[in-house]
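Hi,

Here is the structure I promised to pass on.

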Amino acid sequence: MTDMNTSDTLHQPTPSTSSEAEPVSEASLWSFTGIELIDVSAELTLLLDSTSDKRLLVRKEVGIALTHCEAYRTLRGHAEHLVETLPQLGGQVEPVIPVLIQIRDAGLLREGAATLRALTRPIERTPLPPIQVFIITCDRPEAVERLLHSMANSSAIELPKTYTLIDDSRDASLAEKNRALVNAHNSSASFQVRYFGLEARALLVAHLIEAAPDHEDSIRFLLDRQQWGDLPTYGLSRSIALLLGVGSRILVFDDDVLCEAVRSPLPDEPLHFAGVTGRKAMFWPAHEAQQADKKTLKDSPIALMARQLGAVLTEGIRSLSHGDLPEIALEGANGTFVRSLTPESPILQTQCSTWGDPGTGSGHWISELDLTSIDRLLAVPEGLVTTVEARRSWLGYDGPTLTKHGVMSQLTGYDASHLLPPFMPAFRGEDSLFAFMLLTLHPDSLVLNYSWAIPHLPLEQRSSRSLKAPIAAQGGIALLTRWIGDNVQLSQALTPQERLTRMAQSIDELTKLSDDQVQAFARGELVRWQASQASHYQRQLARAPDLQSRNWQQYLERSHEEVFTALQQTPSWEDLLGHATEDPINTLAKIRTGGQRLSLALKAWPEIWQAAATFAPDSGS
């Protein structure tokens, strides 16, 4: 685009508006979304809103520029974003604004206020299903004991009917310790916890196989730890929790947390829409300093997490905003995300913030933060590396926040009265894969993130999760996650079962590719991921001078260099698989078999889900 102004870029003048038309506030928010771009010549593009039949011919450069205007912003905000994004605009904001005004006046920008009015219209209220609470653990009785003690001493705790400890311990002696801890708790506490170990799991598996004998292999793939050898089965216990909770709303605790709700250290902002990269952070130089700032809420995290879980969007907005939701709640929100919602959109997942260890796989999560959070990080006297590796922080949203998908917190709520997807039984990244599968099944659903946090205090050292970890993206299950996310269809009118079947079929089609085709697919996904990383670090580098920190500048330069170098190299099998292997072809064959089994398991999942509703878990206590 050489000169974005009304004389050079708009081929056809916008229909004139009446002089008596109500003036539009400069603070109004707008999004360019749901508009089809149809090339009509080498120079011209037709902008078409197929729902209203509003249309406008513009120069092709304008149409391309408008694709960068999907987020809700003011017109000036859009102009500034375009100038920052498109160097060919020459840094000139003012000539862009009249063009955007013409696009708006042609009815081809979505108004934030009108969007909110449509999303908050009253609907009939529906009762919410009951709550079940699950704790998932593996070989950590000390953590289980601490959490049960915390639950027993939690003030104002609202007791659900059912608490269950799902034990995936490898060591039989540690499993027996967990069982003994549950028995000791039940002898004195005001609420009972059911122990669900390997014997109970075997009963569940047997029940499901009896109910769905044709899907025995899929049931064992998803729930039988022996299928996975020595691999860590992070997702297996979560799938069990989903199946035990069919028809309920469930809350899943990690074992290394406390049953406390800690107030956000930041001023609480009103309810708003955002993306998963909108989280903020605080940092402390020492444990004592963080404890001194800790303010615990009187309500139990169980009660807080359950309040809006399972509610529809308009009910959630009403209870969280205490009145009309201002248009500013949409600022920066993705227009396609918001357009996929209706007043009946269900809140199928709830998450909270984290106090203490952020739970991330490395220290590079800091690069996603806003400048204010990074400024707080750099202000800690101990320095950038020491502060990040100490893992003493608060990470979350600065107020209740609605997002399209989640990243899973140490306490997560799921509404299992809807069909939810299973978790990948093994490997890291099971939370992200679940998030995009959930979005595939329920494209109109959303996640509610709370600003209050739960203390996350791992007992083991996590020195490997530092800033020394590799930065450039690698493959493995993450490539499948990205591929599913790229192919989510938000507008197709299909049932969750139909969507699940289509996703399973597409995974099966991937497994039928030749070795060379699989390698080409993985390389393509990986290079797109690394390219997005490179762009991200480039943007952060452009903002770095505002922070006046040489350490931060060096960290970003190193990150950008590592990613940019990876982009220019042909990825190895180790890069594509996400781990080292001496025999990539044999490993690929195992992955192909695993993909085929995952595809079959997803197709079988609705029948497994239905069968789980008739399981009597008390028989496995």
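T387 sits in helix 16, residues 384-390 (helices are DSSP runs of H or I, at least four residues, numbered from the N terminus). T387 is buried, at 4% relative accessible area (buried means under 20%, with a 1.4 Å probe and protein chains only).

A quick word on provenance: this is a predicted model, where local features need pLDDT of at least 70, side-chain atom pairs count only at pLDDT 80 or more, and totals for chains, interfaces and linings use all residues. Residues are numbered from 1 along each chain as its sequence is written, and side-chain values use heavy atoms, with hydrogens and water left out.

Back to T387: leaving aside residues up to four places away in sequence, T387 touches F283, L377, V380 and E382 (contact means heavy atoms within 4.5 Å). F283 is 104 residues away along the chain, yet its C-alpha atom is 7.4 Å from that of T387. The T387 side chain also reaches the backbone oxygen of G383, at 2.6 Å.

The other thing I looked at is a helix pair. Helix 18 (residues 477-486) packs on helix 19 (residues 496-511) at about 130°, with the axes 12 Å apart. That angle makes helix 18 oblique to helix 19 (oblique is what remains after under 35 degrees for roughly parallel, over 145 for roughly antiparallel and 65 to 115 for roughly perpendicular). On the helix 18 side, L480, W483 and I484 make the contact; helix 19 supplies M503, S506, I507 and L510.

Cheers

Definitions and conventions:
Axes are lines fitted to C-alpha atoms, for helices over the stretch in contact, and angles run from 0 to 180 degrees between N-to-C directions. Helices (H or I, at least four residues) and strands (E, at least two) are DSSP runs, numbered from the N terminus. Buried means under 20% relative accessible area, exposed over 50%, partly exposed in between (1.4 Å probe, protein chains only). A polar contact is a pair of N or O atoms within 3.5 Å; within protein, one must be able to donate a hydrogen and the other to accept it, and residues adjacent in sequence count only if both atoms are side-chain atoms.
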